[in-house]
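I opened my notebook to look up a few things in this model. My entries follow the structure.

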Amino acid sequence: MLKINNYIISIYRFFKRILRNQIQIKETLFFLEIDEYRKKNRFRYKHLISQKHTSWYENFERANYIMQIAQPNVVVDLGVDHGFSTFAFAFANKGKIFGIDSFEGDPHAGVRNTYDEVIDLHNSLMKEFEIADVQFIKGYFEDVAKTWNNSIDVLHIDGFHSYQAVKNDFETWEQFFNPNTIVLFHDIVSFKQTVGKYFNELEGFKYKFEDGCGLGVWSTNEKLIRQIGYFYN
Ligand SMILES: C[S@@+](CC[C@H](N)C(=O)[O-])C[C@H]1O[C@@H](n2cnc3c(N)ncnc32)[C@H](O)[C@@H]1O
């Protein structure tokens, strides 16, 4: 019985690997279609921004793809930590990126101050690469929202991963959405009972990337979600 179970698990893993490779091949093809500059520089750039651990690594290519679809003026990244997601968005060179974080860390990500390190990395990236304008804002999400007055085209929610925190982040920033806003929820798989649960309950159009830790894509614009899903299906 144990042998049969192991056999089934191996088959399952085999097909999962094929599916994953297929997604990566598609994402590579996407990079071949965009401009020469990004095609040429993406490996070095990705290497430089991933010197510290991040569970966002697998989303680099798809974040760039989503930026091509969204063509945003304003992107807000809630949760910077070592900066991977913020710099991944910046690589597409579309619009202005705001990376917001208390830079105190949290019990899920780890309690640490990454501010100086992120600013240093940003300075060196700006010297070497053509990237979007990035501004880091040090503060609690809910405090920054009180003085915020911009419409947001892409919002990435990746702060504390409790159900209540994710709900609070979405509802706090919802007032700045427009009909084309895309919201990305990181960790819908690794925090299935909290982030995943909230994402599943949300009304609207959605697409799920199940690999890595899971990235949920939400919008009230069905066409945008279909465009994103079309590429991956
Ligand atoms: C999971 S990490 C972000 C990871 C990052 N997106 C990446 O690409 O690796 C979560 C970050 O959110 C920040 N954070 C959590 N709750 C916050 C809040 N209410 N206000 C501001 N920052 C918060 C923490 O300081 C931590 O750096």
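I looked up burial first: 34% of the 233 residues of the protein count as buried. A residue is buried if 20 or more other C-beta atoms lie within 10 Å of its own, exposed if 12 or fewer, and partly exposed in between, with C-beta atoms placed from the backbone.

I noted the source. This is a predicted model, where local features need pLDDT of at least 70, side-chain atom pairs count only at pLDDT 80 or more, and totals for chains, interfaces and linings use all residues. Residues are numbered from 1 along each chain as its sequence is written.

Next, I looked up the secondary structure. The protein has nine helices and seven strands. These are DSSP runs numbered from the N terminus: helices are H or I with at least four residues, strands E with at least two.

Then I checked phi. Most residues other than glycine have a negative phi. Gln-71 is not a glycine, yet its phi is positive, about 45 degrees. I found Gln-71 in the loop between helix H3 (60-70) and strand E1 (74-78). Asp-187 also has a positive phi, near 75 degrees. Its loop lies between strand E5 (177-186) and helix H8 (192-201).

Are these two buried or exposed? Gln-71 is exposed, because it has 12 other C-beta atoms within 10 Å. Asp-187 is buried, because it has 24.
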